[in-house]
Amino acid sequence: MRIGAIEAGGTKFVCGIGDENGQIEDRISFPTEHPDLTLPKVIQYFQDKQVEAIGIGSFGPIDICPDSPTYGHVTTTPKPGWGNYDMLGTLKRVFSVPFGWDTDVNAAAFGEVKWGAAKGLSSCLYYTVGTGVGVGVYSEGKLIHGLVHPEGGHVLTRRHPDDHFAGVCPYHGDCLEGMAAGPAIEARWGLKGHELPVDHKAWEIEAFYIAQSITGAILLNSPQKIILGGGVMQQSQLFPLIRQAVLQNLNGYVSSSAILEHIDDYIVSPGLGQQAGLCGALALGLSARENHIASQ
Ligand code: ADP
Ligand code: ZN
């Protein structure tokens, strides 16, 4: 089986071909430019690939409500050319195959449930901490949508007592993304994350904000696994700091051995590693194909 996968990121696009076992057999990557330059490259890549379906995990915000007139559009992004851009429609006009369409983080959560760290579970959260912060939510065996889609990167934060940084989110200032995404680290300390020593105070503060959001998410969604990916999470010293802070925040209240005894297996890095996004898009494509067959 040949399924197309598109990881549509704000920095780069990754396109690939995979199968029903999550194996990626071919991939290509290019920088995200104006859509009039980027989408033709996507179309050219898939033109001779004979895929049976295509899954897209996209940067957002995006419209994923099937009844909406702007279903398939990227919506309010300030990225030049991408605001109100009909990404799904542009591809559907060229390829008459079933399409899966969701946020990049929902896609990654889905891929992790199918083949990765949350394999076989009925719930998980997937965080990416990179240029922005996003949270994919999988619950009771399905990806969660609602009015739009979860926007867990923008939850408001309580300040670390030693942190006087204003935050960089253009909408909220000191929301999670404004305080903890890669650009916030750089603006606060004057150095990029990978340039800071592993024992720098930055990491305790970073863990404080991520753990705060995870604590709220555990209380709200009761996920069976929490997966943390994205460039900033390459700093592996963050994992023990985050786990410790989550335990302190919960203070024994959530009575589950997964948290109280096995938190090292509960808050983890992506089982699919750097492929989480592309495999997630593949999983969306597979699911679109299955739904299409079931509806015939
Ligand atoms: P994107 O979010 O654009 O898809 P990434 O997940 O790679 O891409 O995130 C990029 C952000 O993560 C940048 O702000 C960068 O400084 C930061 N980053 C990337 N690698 C590291 C690292 N090894 N350590 C700390 N921060 C990193
Ligand atoms: Zn925000």
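Predicted model: local features only at pLDDT ≥ 70, side-chain atom pairs only at ≥ 80, totals over all residues.

Reader: What makes N251 count as exposed?

Author: The cut-off for exposed is over 50% relative accessible area. N251 has 65% relative accessibility, so N251 counts as exposed. The backbone of N251 also has a positive phi of about 55°, although N251 is not a glycine.

Reader: Where is N84, and why is N84 called exposed?

Author: N84 lies in the loop between β5 and β6 (85-86). Its relative accessible area is 59%, and exposed means over 50%, so N84 is exposed. N84 has a positive phi of about 60° and is not a glycine.

Reader: Why does A107 count as buried?

Author: Buried means under 20% relative accessible area. A107 has 0% relative accessibility, and therefore counts as buried. A107 belongs to helix α3 (residues 104-115). The C-alpha atoms of A107 and G280 are separated by 4.3 Å, while the two residues are 173 residues apart along the chain.

Reader: Let us turn to the metal. Which protein atoms are the donors of the zinc ion (ligand 2), and how do you know that they are donors?

Author: They are H154 (ND1), C169 (SG), H172 (ND1) and C175 (SG), at 2.1 to 2.3 Å from the zinc ion. A donor here is an N, O or S atom within 2.8 Å of the metal, so these atoms qualify. Along the chain, the donors follow the spacing H-x14-C-x2-H-x2-C. H154 and H172, 18 residues apart, are both in the loop between β10 (142-143) and α4 (176-180).

Reader: Why is the arrangement around the zinc ion (ligand 2) called tetrahedral?

Author: Four donors count as tetrahedral if all angles lie between 85 and 135 degrees. The four donor atoms here subtend angles of 105 to 119°, so the arrangement is tetrahedral. For comparison, the ideal angle for four tetrahedral donors is 109.5 degrees.

Reader: What makes β8 (residues 124-129) and β9 a pair?

Author: Two strands pair if there are at least two bridges between them. β8 and β9 have six bridges, so they pair, and they do so in the antiparallel sense. One of the links runs from T128 to its bridge partner G134 in β9. A hairpin of three residues joins β8 to β9.

Reader: How many bridges join β9 to β10?

Author: Two bridges join these antiparallel strands, and at least two are needed for a pair. S139 has K142 in β10 as its bridge partner. β9 and β10 form a hairpin with two residues between them, and E140 in the turn has a positive phi of about 50°.

Reader: Which residues surround ligand 1?

Author: Among them are T11, T131, G182, H194, G231 and Q235. An oxygen atom of ligand 1 is 2.6 Å from a side-chain N or O atom of T11, and an oxygen atom of the ligand is likewise 2.6 Å from a side-chain N or O atom of T131. A polar backbone atom of G231 is 2.8 Å from an oxygen atom of ligand 1. The protein covers 67% of the 560 Å² of accessible area that ligand 1 has on its own.

Terms used:
Residues numbered from 1 in each chain as written. Chains lettered and ligands numbered in written order. Heavy atoms only, no water. Donors = N, O, S within 2.8 Å, 3.2 Å for Na, K, Ca; no water. Tetrahedral: all angles 85-135°; square planar, octahedral: opposite > 155°, others 65-115°. Helix = DSSP H or I, 4+ residues; strand = E, 2+ residues; numbered from the N terminus. Near = heavy atom within 4 Å. Polar contact = N/O pair within 3.5 Å; in protein donor to acceptor, adjacent residues only side chain to side chain. Areas by Shrake-Rupley, 256 points an atom, 1.4 Å probe, with all protein chains shown as cover. Buried < 20%, exposed > 50% of the residue type's maximum accessible area, 1.4 Å probe, protein only.
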